[in-house]
Amino acid sequence: MPVTGAAAARQTEDLRRTIEQEAALVFTGFDEQSAFEIGCAIRSSALIWAHSLVIDIRLWDRQLFHAALAGATAATAESARRKLNSVRMFQKSSYRLALEQQREDRTFPPGYGLNPADYVLAGGAFPIRVQGVGVIGAVSISGLSQRSDHHCAAAALCEHLGKGNELLFLDPD
């Protein structure tokens, strides 16, 4: 069912902001320490709010940080993995992909040739982009709504990069 009215306007604004976030949240370098600091910051916030999250931070060749909070399940971790795969394939945040594709079933169209067991159109994974290099990995969060998962990841990257500009955040729910 197509989205109309206020919901459509919000999605359009979210897409615009997500593209701005991707352009602004670029690292000069990224290493294991960066992953640890970002992961711990997300975990600390999730504990304060009693969120049941899985946090997964990876470079394309290895996992650098993983945390599963109380209440998270194997399905939550699987969702985080599928979001990471989508970012890796398209070099865009998974929320941006979900907004661009607008598919209720959260699967990529058949012509993409992507197995739904490995890829999902759901927000929560954000690319780790390094200046002069490109996308080298992703931060993935799963356990909340796709919009909230995305916001948690983007906000943590904003904080780590010292870009506390509220204009980069999504409007509150």
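Biologist: Which residues line the second largest pocket?

Modeller: This is a predicted model. The second largest pocket holds about 230 Å³ of space. Its lining is made up of Ala41, Ile42, Ser45, Ala46, Trp49, His51, Leu53, His151, Cys152, Ala155, Ala156 and Glu159.

Biologist: Which element gives the largest share of that lining?

Modeller: Two elements give two or more residues to the lining of the second largest pocket: helix 2 and helix 5. The largest share is five residues. That share comes from helix 5.

Biologist: Which element gives the most to the largest nonpolar core?

Modeller: The largest nonpolar core has 27 residues. With five residues, the top contributor is helix 5.

Biologist: What does Ile38 touch, leaving out residues up to four places away in sequence?

Modeller: Ile38 is one of the core residues that touch the most other members, along with Phe30, Ile42 and Ile57. Contact here needs heavy atoms within 4.5 Å. On that basis Ile38 touches Phe27, Phe30, Ile57, Ala156, Leu157 and His160.

Biologist: Which residues does the second, separate core include?

Modeller: Nonpolar side chains tend to be buried together in soluble globular proteins. The second core has six residues. Among them are Leu97, Leu114, Tyr119 and Leu121.

Technical notes. Residues are numbered from 1 along each chain as its sequence is written. This is a predicted model: local features need pLDDT of at least 70, side-chain atom pairs count only at pLDDT 80 or more; totals for chains, interfaces and linings use all residues. Side-chain values use heavy atoms; hydrogens and water are left out. A nonpolar core is a set of buried Ala, Val, Leu, Ile, Met, Phe, Trp, Tyr and Cys residues joined through side-chain atoms within 4.5 Å. Buried means under 20% relative accessible area, exposed over 50%, partly exposed in between (1.4 Å probe, protein chains only). Helices (H or I, at least four residues) and strands (E, at least two) are DSSP runs, numbered from the N terminus. On a 1 Å grid over the protein atoms alone, a cavity is a set of points where a 1.4 Å probe fits but cannot get out, and a pocket is an open set with protein on both sides within 12 Å along at least five of seven lines; lining residues have an atom within 4 Å of a point. Grid points are joined across faces, edges and corners, and a volume is the space filled by probe spheres set on the points.
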